[in-house]
Each structure stands twice: as C-alpha cells, then as structure tokens.
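Subject: Structure for you to look at

Hello,

Here is the structure I promised you. Please open it first, then read my notes below.

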Amino acid sequence: MLHDPLTGLPGHALLLDRLEQSLIRARTRGTLVTLVLITAPDDVLKTAKALRQGLRPDFTVARYGDAVLAVLAEHDFGDGAPIAELIRQLIGKRPHVHWVTSDGDAEPQTVLSTARTPPARH
C-alpha cells in the first residue's frame, strides 16, 4: 500500500522510494536531503494536517509508523536544524523530533536508522 489509509499521506514504501530518489538527486546535483522523524502519539491526524499546511509543497510528509511521521526535504545548503525547528513550531508543542542530513552518499536504510537514533548530548 503506497498511501496510509488513515492520513492519506504516503506510506512507508512510498517514503523509501522518495528517499532513494532524493539521495540520487543529491549525489548528481550536489544538493542535500534532510529526513525528519516526528513522534506524534497524541494526534497523528492533527499533526499530519499541520505539517501538510505549514511546509513547502515540495517537501514529502509521510506516515512512517503508527505514531511516527516523516518529512523529507531537498535543499541546497545547511542542515536540517531549521526544518526541524519549523516542524516544532507548526506542531505547537515539543514533539520528539530527530533529523539527519545527507549529501546523497548514503543508502536509504542508513539515513532512516541515523534519523531514528537521537543525537548524542555533549
């Protein structure tokens, strides 16, 4: 199933395909890809709606798991911090947000596993 029946968002399989295509474009064009994973246990539908309305139309908002949404963004420079902060502002509370940025020199599963792992606190 390519789309999640509850939210209408791209599902896990479609997210993986879009991530793979984004990584290929990043490698060939010299751009970057940021993947943000958002844990939204309270209200997935409300969170999905806020993300779809507040983010650029070329960003992919997908349902990654039961209470996890994903945002996939392609950009020219920087890292995912501004995107993650925008997501926090759109949702209006402090959700668990993990992100990773790649220049395309990684496999989709590596990007996903890196985004699932919270960054180390220094």
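Which residue forms a salt bridge with Asp58? Arg56 does, and the closest N and O atoms are 2.7 Å apart. A salt bridge here is a side-chain nitrogen of Lys or Arg within 4 Å of a carboxyl oxygen of Asp or Glu. Arg56 is partly exposed, at 44% relative accessibility. Asp58 is exposed, at 52%. (Buried means under 20% relative accessible area, exposed over 50%, and partly exposed in between, with a 1.4 Å probe and protein chains only.)

Before you go on, two notes. This is a predicted model: local features need pLDDT of at least 70, side-chain atom pairs count only at pLDDT 80 or more, and totals for chains, interfaces and linings use all residues. Residues are numbered from 1 along each chain as its sequence is written, and side-chain values use heavy atoms, with hydrogens and water left out.

Salt bridges

The whole structure has 4 salt bridges. One of them joins the side chains of Asp4 and Arg63, at 3.1 Å from N to O. This pair links distant parts of the chain, 59 residues apart. Asp4 sits in the segment before α1 (12–29), and Arg63 is in strand β2. Asp4 is buried, at 14% relative accessibility. Arg63 is also buried, with a relative accessible area of 14%. (Helices, H or I with at least four residues, and strands, E with at least two, are DSSP runs numbered from the N terminus.)

β2 runs antiparallel to β3 (residues 68–75), and 5 bridges join them. (Two strands pair if DSSP finds at least two bridges between them.) Arg63 has Leu69 as its bridge partner in β3. The two strands form a hairpin, with 2 residues between them.

Helix α3

Now look at α3 (residues 81–91). Arg88 and Glu85 both lie there, 3 residues apart, about one turn of the helix. Their side chains meet in a salt bridge, 3.8 Å from N to O. Glu85 is partly exposed, at 31% relative accessibility.

Which α3 residues are buried? They are Ile83, Ala84, Ile87 and Ile91. They cover an arc of only 100° around the axis, so they are on the same side of α3. (The arc is that of the directions from the helix axis to the C-beta atoms.) Pro82 and Gln89 are exposed on the other side. Just after α3, Gly92 takes a positive phi of about 80°.

Best wishes
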